[in-house]
There are 2 protein chains.
Amino acid sequence: MRDFIIIGHKASTSSDFSLNDLPGSAGRMDILCRCINSAFFLSHDIRNDVQVHLLLLGEPEPGKIIRFNGENIKHLNPDERSSAALIKKALEKDAGESEIQSTPGVWIRQGSLETLINEFYNQGKTLAYLREGGDDIRTTAGSLNDAVFFLGDHIGVTEKEEEMIINAGAKLISVSPYSIHADHCILILNNELDRTLEK
Amino acid sequence: MRDFIIIGHKASTSSDFSLNDLPGSAGRMDILCRCINSAFFLSHDIRNDVQVHLLLLGEPEPGKIIRFNGENIKHLNPDERSSAALIKKALEKDAGESEIQSTPGVWIRQGSLETLINEFYNQGKTLAYLREGGDDIRTTAGSLNDAVFFLGDHIGVTEKEEEMIINAGAKLISVSPYSIHADHCILILNNELDRTLEK
């Protein structure tokens, strides 16, 4: 399983946002929606070996995790509004520390970056942190097919978050000579890992 | 200049579509909007060496070309709705065979695939056609930095269109071991060409 964690620092933790204004009313939820698209979509298929964990840190209840699992997911179309509608449905649930399924393949719970790091660390998974100046994915892809990739939103990753991720042993990885959006990173990661598997 | 041509077989040629339903009311305009995002966006910048030509072949007036130029473009944000709003503004213009600017960096005119092929062919540009089974971009990127890339939408490229593109001498290029969306192809192309320029 390939896991992507995207930290949405301003992403709404209430379902009370407008699907007509994802960047504004929903705290740049558009970024997270594009990450869903990049992570899951093939031309006429959905990747069933991928999971996405959206960490929502915006108001009013910072600290919710929405998990999308490609094996079970339904009602997902490539457009931003489609992913946003599933996020909205998840946020309608009264989330506690245990996961609740909101729609097929989508679960929500309360949690933090620490929650996710600890869980994956304890599972012995390889952790990878996308950052400029990291090792080029082309030289490292072979060892990362089942890795957990950490990515930031428009704000990036804060110093404190970065420290937690690196302290957990995450490898630093880069995918482009330029600084690019999280959803673009995911796409290039998928392509690189696909190429490794095809060899 | 790097040029991307995307054929939108059902994409609306009237501004009379809803920004709240880009896949349905606008004939899969969401695909073209994601292509705009992939083509232009860096993390905190817009690529100024890129142009996108959207060929809209949907009703009511099939055969309109909207050109986005990264050097001049304004009011473009990464979300689908933002690109769609610029497309809608362009479609409000009464387009003839000569280009009219609708907003900074966006022009519209009447035209067909033949129009675009002939123009680029006469300019002596290298043409590249994205198709499964084409040469891997990794072995060909070096010669394609100023190329014109032809891509299809959810319908792909029809046999007749393919014949026209290939007859004009387009190289067949592939970017992934799988069949993937046009916007994903553009993203991988940009990454590959960026890497070539950085070498």
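Start with A:Met29: skipping its neighbours within four places in sequence, A:Met29 is in contact (heavy atoms within 4.5 Å) with A:Ala11, A:Ser12, A:Phe17, A:Leu22, A:Leu56, A:Ile87 and A:Leu91. A:Met29 also turns up in the largest nonpolar core, which has 98 residues; A:Met29, A:Phe68, B:Met29 and B:Phe68 have the most contacts inside it. A nonpolar core here is a set of buried Ala, Val, Leu, Ile, Met, Phe, Trp, Tyr and Cys residues joined through side-chain atoms within 4.5 Å. Buried means under 20% relative accessible area, exposed over 50%, and partly exposed in between, with a 1.4 Å probe and protein chains only.

Some housekeeping: this is a predicted model, where local features need pLDDT of at least 70 and side-chain atom pairs count only at pLDDT 80 or more, while totals for chains, interfaces and linings use all residues. Residues are numbered from 1 along each chain as its sequence is written, chains are lettered from A and ligands numbered from 1 in the order in which they are written, and side-chain values use heavy atoms, leaving out hydrogens and water.

Now the interface. Chain A and chain B each put 35 residues into the contact. The area buried between them (accessible area lost on being put together, 1.4 Å probe, summed over both) is about 3200 Å², with carbon and sulfur atoms giving 51%. On the chain A side, A:Arg138, A:Tyr178 and A:Arg195 lose the most area to chain B, together 19% of what that side buries.

On to charges. A salt bridge is a side-chain nitrogen of Lys or Arg within 4 Å of a carboxyl oxygen of Asp or Glu. The whole structure has 28 of them over all chains, and four cross the interface of chain A and chain B. Here are some examples:

| Pair | N to O distance |
|---|---|
| A:Arg195 and B:Asp136 | 2.8 Å |
| B:Glu192 and A:Arg138 | 2.6 Å |
| A:Arg34 and A:Glu80 | 3.1 Å |
| B:Arg131 and B:Glu162 | 2.7 Å |

Conventions
Buried area is the accessible area (1.4 Å probe) that two parts lose on being put together, summed over both.
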